[in-house]
Amino acid sequence: MKVSYHGHSVVQVKTDKHTILIDPFISGNEACDLDAGSVEADVILLTHGHNDHVGDTEEIAKRNDSLIVAPNELADYLGNKGLNTHNMHIGGAHEFDFGKVKYTQAFHGSSFTEEDGTIIYTGMPAGILLTIDGKTVYHVGDTGLFSDLKLIGDMNDIDIAFVPIGDNFTMGPEDALIATDWINAKTVVPVHYNTFPVIEQDPEAFVSKVKTGNGLAMKIGDSVDL
Ligand code: NI
Ligand code: MN
């Protein structure tokens with residue numbers, strides 16, 4: 001399968017049969033190379049309800065008839081719009097036809113802000129472990145550092161982990177380095193930086209300091225084969 005990075009926290013996983021899009025924040029994300037009007041997705045996986053993660057989910061899902069997998073309250077919110085959803089929650093795993101999804105904890109918030117400013121609370125934020133054909137992708141989600149990352153690393157054979165380094169809203173580089181030691185992934189990719197001035201970071205400086213696993217600063221549109 002092919003795993004590609006598209007700026008902020010946008011990750012795409014392509015297998016022979018399925019295209020899976022994680023946190024498709026495309027419109028309003030200058031760092032994204034995808035086009036919300038043409039991107040394909042059989043499945044959209046969401047970590048939490050913040051607009052920089054839900055992004056263009058509604059438009060993409062309507063056009064592709066995608067299945068949206070999300071934490072329960074966020075899935076309810078999107079399901080009420082008539083979208084095709086599968087509700088999950090932290091600690092739960094499910095086998096889908098495209099692979100296995102397990103939701104992990106994240107220390108953050110989760111709400112969706114409507115165009116008129118109304119804030120809809122969307123439950124707990126999460127991370128996602130996606131396993132397909134024996135390969136595991138860990139999208140850590142938006143989170144601060146927490147010590148159960150070590151447990152997640154011990155319990156799972158993680159091939160590639162997408163770790164936030166932006167600071168301010170999530171872990172910054174120093175904490176993310178500790179996280180990478182605990183997650184123990186074969187490849188570590190920094191995400192959630194440089195989208196806005198307040199989360200400016202140097203991804204090359206970060207990956208040069210990664211001790212556990214191969215630090216890889218993927219450029220927007222880059223992909224790796226697993
Ligand atoms: Ni967030
Ligand atoms: Mn975010």
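The nickel ion (ligand 1) is held by four protein donors: His48 (NE2), His50 (ND1), His108 (NE2) and Asp142 (OD). They lie 2.2 to 2.3 Å from the ion. Donors here are N, O and S atoms within 2.8 Å of the metal (3.2 Å for Na, K and Ca); water is not among the atoms, so sites may look incomplete. This is a predicted model, in which local features need pLDDT of at least 70 and side-chain atom pairs pLDDT 80 or more, while totals for chains, interfaces and linings use all residues. Residues are numbered from 1 along each chain as its sequence is written, chains are lettered from A and ligands numbered from 1 in the order in which they are written, and side-chain values use heavy atoms, without hydrogens and water.

Along the sequence, the nickel donors follow the spacing H-x1-H-x57-H-x33-D. The four donor atoms subtend angles of 88 to 174° around the nickel ion, so the arrangement is irregular. The cut-offs are these: four donors are tetrahedral if all angles lie between 85 and 135 degrees; four are square planar and six octahedral if opposite donors are over 155 degrees apart and all others between 65 and 115; anything else is irregular. His48 is buried, at 0% relative accessibility. Buried means under 20% relative accessible area, exposed over 50%, and partly exposed in between (1.4 Å probe, protein chains only).

Now the sheet. Seven strands form an open sheet with mixed pairing, in the order E7-E8-E11-E12-E13-E14-E15. Strands E7 (93–95) and E15 (214–215) stand at the edges with a single partner strand each, so one side of each has no neighbour in the sheet. Strands (E, at least two residues) and helices (H or I, at least four) are DSSP runs, numbered from the N terminus. Two strands pair if DSSP finds at least two bridges between them. E13 (residues 160–164) and E14 (residues 187–191) pair in the parallel sense over five bridges. Ala161 stands opposite Val188 in E14.

Two helices lie across these strands. Helix H4 (residues 148–155) lies across E8, E11 and E12, and runs at about 160° to E8. Helix H5 (residues 173–183) lies across E12, E13 and E14, at about 155° to E13. Contact means heavy atoms within 4.5 Å. Axes are lines fitted to C-alpha atoms, for helices over the stretch in contact, and angles run from 0 to 180 degrees between N-to-C directions.

Salt bridges come next. The count is eight, taking a side-chain nitrogen of Lys or Arg within 4 Å of a carboxyl oxygen of Asp or Glu. Glu58 and Lys81 form one of them, at 3.5 Å, N to O. Glu58 lies in helix H2 and Lys81 in the loop between H3 and E6, so the pair ties together parts 23 residues apart in sequence. Glu58 is partly exposed at 28% relative accessibility, and Lys81 is partly exposed at 32%. Glu58, Lys62 and Lys81 are linked in a network of salt bridges.

Lys186 and Asp157 meet at 3.1 Å, N to O. Lys186 sits in the loop between H5 and E14, and Asp157 in the loop between H4 and E13, so parts 29 residues apart in sequence are tied together. Asp157 is exposed, at 58%.
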